[in-house]
Amino acid sequence: MTVDLDQYAKPGKGYYLALGLEGSANKLGVGIIKHHLGQLSSTNRAEVLSNVRDTYITPPGEGFLPRDTARHHRNWVVRIIKKALVEGNVRGTDLDCICFTQGPGMGAPLQSVVIAARTLSQLWNLPLVGVNHCIGHIEMGREITGAHNPVVLYVSGGNTQVIAYSDQRYRIFGETLDIAIGNCLDRFARTLMIPNEPAPGYNIEQMAKKGKHLVSLPYTVKGMDLSMSGILANIDQIAKDLFGKAKQVKNKQLIDEETGEPITSEDLCFSLQEVLFSMLVEITERALAHVNSNQVLIVGGVGSNERLQEMMKLMIQDRKNGQIYATDERFCIDNGIMIAHAGLLSYRTGQTNDLWNTVCTQRFRTDEVFIKWRDD
Amino acid sequence: MSSVPTATYGAPDVSEPIVFEPGQQIHTTNGRTTQISDIVLKAGGEDRDKPTEAKDTALGQLRAQLTTVQDKVNEFLTERMKKEKEDKTDVERRILDDGVDEDDSD
Amino acid sequence: MATSLPYTLNLSIPFESARQAEIACKTLSPDPILKVNELNVKYSHDSNTLTCAFSGVSDRVIRVAVSNVIDNIKTIIECMDEFDGKEDELFQ
């Protein structure tokens, strides 16, 4: 038996269209997705009609403040919605629903976007669908890659989770006990005064490609979970000792033991990535064994990191029929289309939010969402 | 009923309500009190997130006028907060100064 | 217990229509007030006018709340300016 996804289709219309709005962190994204009637499958794929994004950019060395991020979103949201409608060549009357990120994320940016969603929903008489940001990543990743029932590694600026589906929930098998991996990478980027654009850890990744000496760092897997703040504090201190600008301190020099060459900032980026990604591979592998799966889907902004994908691939190749799935930056990095897609799945099973039920929440766990559209 | 946005303020030390209206000046959507944080500008960042300009419509005009009212209210309240803080510091200083006198007499 | 909220500010926003004022009111209303013992906000609409009535324990509380609500109202106005009555339009 499969879930009937067509009982909410407009009469005489062969498809659904959803507008999705995302603004839980520093990316503002608006997308429009099309589902043809019937089950989604390799011959009936969701169609991306538009996927527009604008990022709040901070100067190197600065994190994004909620206030300025919210300001970015509210000053751009109407323009970006309009651009998505233009690119998708879609009228308001073509749409079935408006989907928005209800959480988790930063409070002020989430709130500034839901205001636009609520207004447009009433102006055009369209139902609202609140979407869990993590579920957006998972469902978009499954749709784009065709991974049917993978263990999901969700790695971004705000989240680090290993997730597996069972019994209409995406259950969290392991997660970070403190900071998210993208946050860890971004904060180290700030220490090195390199920019955080375009994705969490992107510039760390570029520098790491030139690194070759491994600096010893703590390895902190705790059961199925992991901890990263201690590693960050450790490498921050090394970086400050080596390259700090404080005048009274004479910078130390650190020498690679094997080659006798000095340790560079590239080496630090390389070492940080190696230790963090090894930890992720370890807990993902354990989740695979636990649920007896051989597919891994990597989603979230850090998921576009090629070294992470490569390390995960080495692990999965040792498993029978092991498969790794990842998406490119259009879908990995926060975007509106994933919100439109997951929201539309929800809408197709009759789930909408009335206005009073559209309050955004900074904490919204992945396993709180009832996955009505799957029954496997 | 007014055709412009207004704000009316009241407080225990204010005998008559204070009304803020847009006034006759030119109104824009780029408010003085809704700029990007100084921290960003000081770190060498630029503001590429200014609001869209008001369209030449009634709603465009309303949005610009409301921005002016927002500036007036924000600046008025910030000034009052500053003054209250100064008054408080004065009182604290007087009390502390008295305290110093006592210490001296020991 | 209700504490004293002696600092007040009333916002009055004239929209083009009663429908717009109602939409604005419904858009603002769902979000909860975080510190109910420090701040109270009431939204209402009458004819084409939206009214937001704030009362708070201090000027600081009023300033933060009012400026944030005005920011939201500006988004609502811009949304209406761009999209009201245009659901049949293909935007260029």
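Through how many residues does a hairpin join E1(A) to E2(A)? In this predicted model, the hairpin that joins E1(A) to E2(A) passes through four residues.

Strand E1 of chain A, which covers residues 15-22, pairs with E2(A) in the antiparallel sense, and eight bridges are found between them. Within this pairing, Leu17(A) has Lys34(A) of E2(A) as its bridge partner, while Tyr16(A) stands opposite His35(A), again in E2(A). On pairing in general, the strands of a sheet are held to one another through backbone hydrogen bonds, in either a parallel or an antiparallel arrangement. E2(A) also pairs with strand E3 of chain A, residues 47-55, in the antiparallel sense and over eight bridges, and here Val30(A) is found opposite Val52(A) of E3(A). Of the 10 residues of strand E2 of chain A, which spans residues 27-36, nine are buried, so the strand is largely enclosed by the rest of the structure.

These strands are part of an open sheet of five strands in chain A, whose order is E3-E2-E1-E4-E5 and whose pairing is mixed. The edges of this sheet are formed by E3 and strand E5 (128-132) of chain A, each of which pairs on one side only, and the twist from one strand to the next averages 20°. Two helices pack on the sheet. H3(A) touches strand E4 (97-103) and E5 of chain A, and its direction makes about 85° with that of E5(A), whereas H10(A) touches E1, E2, E3, E4 and E5 of chain A, with a direction that makes about 130° with that of E1(A).

The two helices also pack against each other. Helix H3 (residues 133-145) and helix H10 (residues 336-348) of chain A meet at an angle of about 90°, and their axes are 8 Å apart. Because angles of 65 to 115 degrees count as roughly perpendicular, H3(A) and H10(A) are therefore roughly perpendicular to each other. On the side of H3(A), the contact is made by Ile135(A), Gly136(A), His137(A), Glu139(A), Met140(A) and Glu143(A), which meet Ile337(A), Met338(A), Ile339(A), His341(A), Ala342(A) and Leu345(A) in H10(A). When sorted by class, the residues of this contact comprise seven nonpolar, three polar and two charged.

Chain A holds a further open sheet of five strands, in the order E8-E7-E6-E11-E12, and its pairing is mixed. Its edge strands are strand E8 (169-175) and strand E12 (323-326) of chain A, each pairing on one side only, and the twist averages 25° from one strand to the next. Inside this sheet, strand E6 (residues 151-155) and strand E11 (residues 295-299) of chain A run parallel and are joined by four bridges, with Leu297(A) in E11(A) as the bridge partner of Val152(A). Helix H8 of chain A, residues 306-317, lies across E11 and E12 of chain A and runs at about 160° to E12(A).

The largest nonpolar core contains 145 residues, and those with the most contacts inside it are Ala18(A), Ile98(A), Cys99(A), Phe100(A), Ala116(A), Leu276(A) and Val296(A). Helix H7 (residues 265-291) of chain A contributes the largest share of this core, namely 12 residues. When its neighbours within four places in sequence are left aside, Leu276(A) is in contact with Ile181(A), Cys184(A), Met228(A) and Ile231(A).

Contacts between chains were examined next. Between chains A and C, 24 residues of chain A are in contact with 23 residues of chain C. Helix H1 (66-88) and helix H2 (107-123) of chain A each supply at least two residues of the side of chain A that touches chain C, and H2(A) gives the most, with nine residues. This side of chain A has 12 nonpolar, eight polar and four charged residues.

Between chains C and B, 26 residues of chain C are in contact with 30 residues of chain B. The elements that give two or more residues to the side of chain C that touches chain B are strand E1 (7-14) and helix H2 (59-83) of chain C, and H2(C) gives the most, with 14 residues. The residues of this side of chain C divide into 12 nonpolar, six polar and eight charged. Strand pairing also links these chains, for strand E1 (residues 6-10) of chain B and E1(C) run antiparallel and are joined by five bridges, with Thr8(B) standing opposite Asn10(C) in E1(C).

Definitions and conventions
Residues are numbered from 1 along each chain as its sequence is written. Chains are lettered from A and ligands numbered from 1 in the order in which they are written. This is a predicted model: local features need pLDDT of at least 70, side-chain atom pairs count only at pLDDT 80 or more; totals for chains, interfaces and linings use all residues. Two residues are in contact if their C-beta atoms, placed from the backbone, lie within 7 Å. Ala, Val, Leu, Ile, Met, Phe, Trp, Tyr, Cys and Pro count as nonpolar, Asp, Glu, Lys and Arg as charged, and the others, Gly among them, as polar. Two strands pair if DSSP finds at least two bridges between them. Axes are lines fitted to C-alpha atoms, for helices over the stretch in contact, and angles run from 0 to 180 degrees between N-to-C directions. Angles under 35 degrees count as roughly parallel, over 145 as roughly antiparallel, 65 to 115 as roughly perpendicular and the rest as oblique. A nonpolar core is a set of buried Ala, Val, Leu, Ile, Met, Phe, Trp, Tyr and Cys residues joined through C-beta atoms within 7 Å. A residue is buried if 20 or more other C-beta atoms lie within 10 Å of its own, exposed if 12 or fewer, and partly exposed in between; C-beta atoms are placed from the backbone.
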